[in-house]
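Today I am looking up charged pairs and a surface patch, one entry at a time.

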Amino acid sequence: MEGKYIRIIQALYSAAKMRVRTPEGSTKSLNVTKGVLQGEILSPFLFTIYLNDVESYLANRTTRGVQVDRNKTVHLLAYADDIVILGDSPGNLQQKLAILKEYCTKKGSQLTQKKLK
C-alpha cells in the first residue's frame, strides 16, 4: 500500500504546473520543478517528512543546545514551515547554520540568505 501512495504523490508533483497572474493577465503554464505546492493540503506534511531528522542531525554534530530541563536540551523549535534555531552564543548559532546548510545540501535543497532572519 505504501508504494501506491508514493506513486500518487510522485504523479501529483511530476505533473505540477503554475501560472502567474499579473494585471495584464496570466502567464503561460510553467512546470513546477522545486519545492512543494503552495496551498496544497499535502505540502505541510511533505515538508515535515523532509525535515524529520534535522534536530537529531544538529544534535549528532556535537553542537550545544539550549538546556530547558535537567534532562532536556533543545536545538530548534519548529511550527509548520518555520524553524527557529536555538543556540547559547552567536558562535554556536553560526555553527548550527553551517550544519543546517550541510543538511540541506545533502537533501538536495538550498539554504538561502533570503530565508534566514
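I started at Asp88, which counts as partly exposed at 46% relative accessibility; I call a residue buried under 20% relative accessible area, exposed over 50% and partly exposed in between, with a 1.4 Å probe and protein chains only. A note on the ground rules: this is a predicted model, where local features need pLDDT of at least 70, side-chain atom pairs count only at pLDDT 80 or more, and totals for chains, interfaces and linings use all residues. Residues are numbered from 1 along each chain as its sequence is written, and side-chain values use heavy atoms, with hydrogens and water left out.

**Entry: Asp88 and its partner**

I found that Asp88 forms a salt bridge with Arg64, with 2.9 Å between the closest N and O atoms. My rule for a salt bridge is a side-chain nitrogen of Lys or Arg within 4 Å of a carboxyl oxygen of Asp or Glu. Asp88 sits in the loop between strand S8 (82-85) and H4, and Arg64 in the loop between H3 and S5, so the pair ties together parts that are 24 residues apart in sequence. I take helices (H or I, at least four residues) and strands (E, at least two) as DSSP runs, numbered from the N terminus. Arg64 is partly exposed too, at 44% relative accessible area.

**Entry: counting the rest**

How many salt bridges are there by this rule? I count three.

Next I looked at Asp53 and Lys107, whose side chains meet in a salt bridge at 3.5 Å, N to O. Asp53 lies in the loop between helix H2 (43-50) and helix H3 (54-59) and Lys107 in the segment after helix H4 (90-106), so this pair ties together parts 54 residues apart in sequence. I read 32% relative accessible area for Asp53, partly exposed, and 35% for Lys107, also partly exposed.

Then I turned to Glu102, which forms a salt bridge with Arg61, the closest N and O atoms being 3.6 Å apart. This pair links distant parts of the chain, with Glu102 in helix H4 and Arg61 in the loop between H3 and strand S5 (66-69), 41 residues apart. Glu102 is partly exposed at 33%, and Arg61 is partly exposed at 28%.

**Entry: a nonpolar patch**

Which residues make the nonpolar surface patch? I find Met18, Val20 and Leu30, making about 230 Å². Patches take residues with over 30% relative accessible area and no salt bridge, joining like charges within 9 Å and nonpolar side chains (Val, Leu, Ile, Met, Phe, Trp, Tyr) within 5 Å. Accessible areas come from the Shrake-Rupley method with a 1.4 Å probe, and for residues only the protein chains shown count as cover. I placed Leu30 in strand S4 (residues 30-31), and Leu30 is partly exposed at 40%.
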